[in-house]
Amino acid sequence: MKCAAPIDAALLGDYWLGALAGPEEEAVELHLFDCDDCGRRLREVVALAEGVRKIAREGSLRMVVGDVFLERVAAEGLRVRQYAPPAGGGVECTVTAEDDFLIGRLAADTRGAKRVDLCICDARGVEQMRLADIPVSEAGEVVYQESMTFAKASPSMKMIARLVGFDDAGVERVLGEYTFNHTRSLPGPGAW
Amino acid sequence: MDIELNDAELVLQIGAGGGREAEAELFRRMAPRVRLYGLRHLRDEYAAEDLAQQVLITTIEALRAGRLREPEKLASFVLGACRMTVLDLRRGVQRKERLLEQYGADMLAPVQPSSPRLDQEQLTRCMQGLKERERTVVVMTFYDEQTGADVARLLGVSEANVRVIRHRAIHQLRACMGVAA
């Protein structure tokens with residue numbers, strides 16, 4: 001039966017996460033015991049959460065993560081390969097078949113930057129992709145997760161990560177460039 | 001039997017000795033709801049299934065004995081039984097075997113909920129289509145079930161803002177996956 005007062009999916013997400021205050025949680029629970037329509041929506045949210053978990057465990061997303069996330073994947077027995085090239089410098093890197101996550105730690109002085117973007121550039125420094133308005137840790141570090149699917153398929157190549165910041169006036173400035181000299185160590189030539 | 005019985009009518013029928021059909025209908029109606037409650041609180045499918053069996057047997061026992069004085073409050077009664085049983089389970093109290101012996105296993109066959117199946121490739125595309133902060137929040141939230149402080153610290157925003165970002169991202173993912181917001 002169609003619910004006359006459906007609970008919003010995001011609120012059901014809060015319920016699933018245990019993020020509701022006591023009285024609010026009790027009201028949601030009582031409603032769910034009387035409403036299969038909202039129960040179905042909650043199952044959809046749960047399926048979405050499980051799908052996200054699965055994707056996150058695959059390490060296939062390009063994104064910025066936090067140390068808490070890395071601690072959790074390590075606790076699950078997943079293997080994290082990390083590189084921390086200095087700003088203006090580079091690092092020799094690779095991935096093996098056993099690696100589950102590939103992390104680049106990019107430290108920069110982000111003071112004064114109202115927004116920080118991460119640009120992924122080719123060997124000539126030409127921007128290929130931009131992650132806009134990324135989270136930066138309190139210590140001024142960006143923990144970038146490269147797609148493991150991409151990295152494992154990659155031939156030997158050079159990739160430049162460039163952090164840029166925007167000040168109050170919206171003026172962009174380079175905060176740091178980090179070169180990753182990737183050597184393919186997996187069998188085969190590698191191709192996308 | 002008439003499956004259009006409302007909860008109160010079902011309670012009265014069981015109380016009047018309505019037999020196994022009425023009890024089976026109660027089980028069919030309430031088991032998915034109890035199982036969902038169990039998943040939420042116990043985070044384990046098997047434990048949720050055990051919960052559904054224990055709670056519904058307790059409920060039928062009470063209805064047979066006419067202990068539910070306000071039949072229209074069946075949902076509240078079952079929810080209360082869920083809360084008590086989860087507390088019991090957490091205390092390590094296991095009554096399942098005794099109950100199975102008393103009521104038989106045939107009536108207690110699991111009713112599997114229809115879990116929606118997701119297109120993982122589409123979900124990956126939808127995830128990649130989120131804004132950076134939304135993606136970070138969604139992954140940190142659902143991978144590690146963090147709702148507040150750690151995510152807020154990483155993003156340099158308040159916990160209330162994290163909630164707003166999470167809500168927006170959930171709506172966007174659902175829209176991208178083709179389900180109503």
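Analyst: Here is a tour of some charged pairs, with a look at how buried each partner is. Keep in mind that this is a predicted model. Some background to begin with: side chains of opposite charge can pair when their charged atoms come close. Searching the whole structure over all chains turns up 34 salt bridges.

Let's start with A:Arg81 and A:Asp99, whose side chains meet in a salt bridge at 2.6 Å, N to O. A:Arg81 sits in strand E2 (residues 80–83) of chain A, while A:Asp99 is in the loop between strand E3 (90–93) and strand E4 (101–107) of chain A, so this pair ties together parts that are 18 residues apart in sequence.

Next up is the pair A:Asp117 and A:Arg115, with a salt bridge of 2.5 Å, N to O. A:Asp117 counts as buried at 0% relative accessibility, whereas A:Arg115 is partly exposed at 33%.

Then there's A:Asp122, which forms a salt bridge with A:Arg124; their closest N and O atoms are 3.2 Å apart. Here A:Asp122 is buried, with 17% relative accessibility, but A:Arg124 is exposed, with a relative accessible area of 71%.

Finally, salt bridges can link up into a network: A:Asp37, A:Arg40, A:Arg41, A:Glu44 and B:Arg174 are joined that way.

Conventions
Residues are numbered from 1 along each chain as its sequence is written. Chains are lettered from A and ligands numbered from 1 in the order in which they are written. This is a predicted model: local features need pLDDT of at least 70, side-chain atom pairs count only at pLDDT 80 or more; totals for chains, interfaces and linings use all residues. Side-chain values use heavy atoms; hydrogens and water are left out. A salt bridge is a side-chain nitrogen of Lys or Arg within 4 Å of a carboxyl oxygen of Asp or Glu. Helices (H or I, at least four residues) and strands (E, at least two) are DSSP runs, numbered from the N terminus. Buried means under 20% relative accessible area, exposed over 50%, partly exposed in between (1.4 Å probe, protein chains only).
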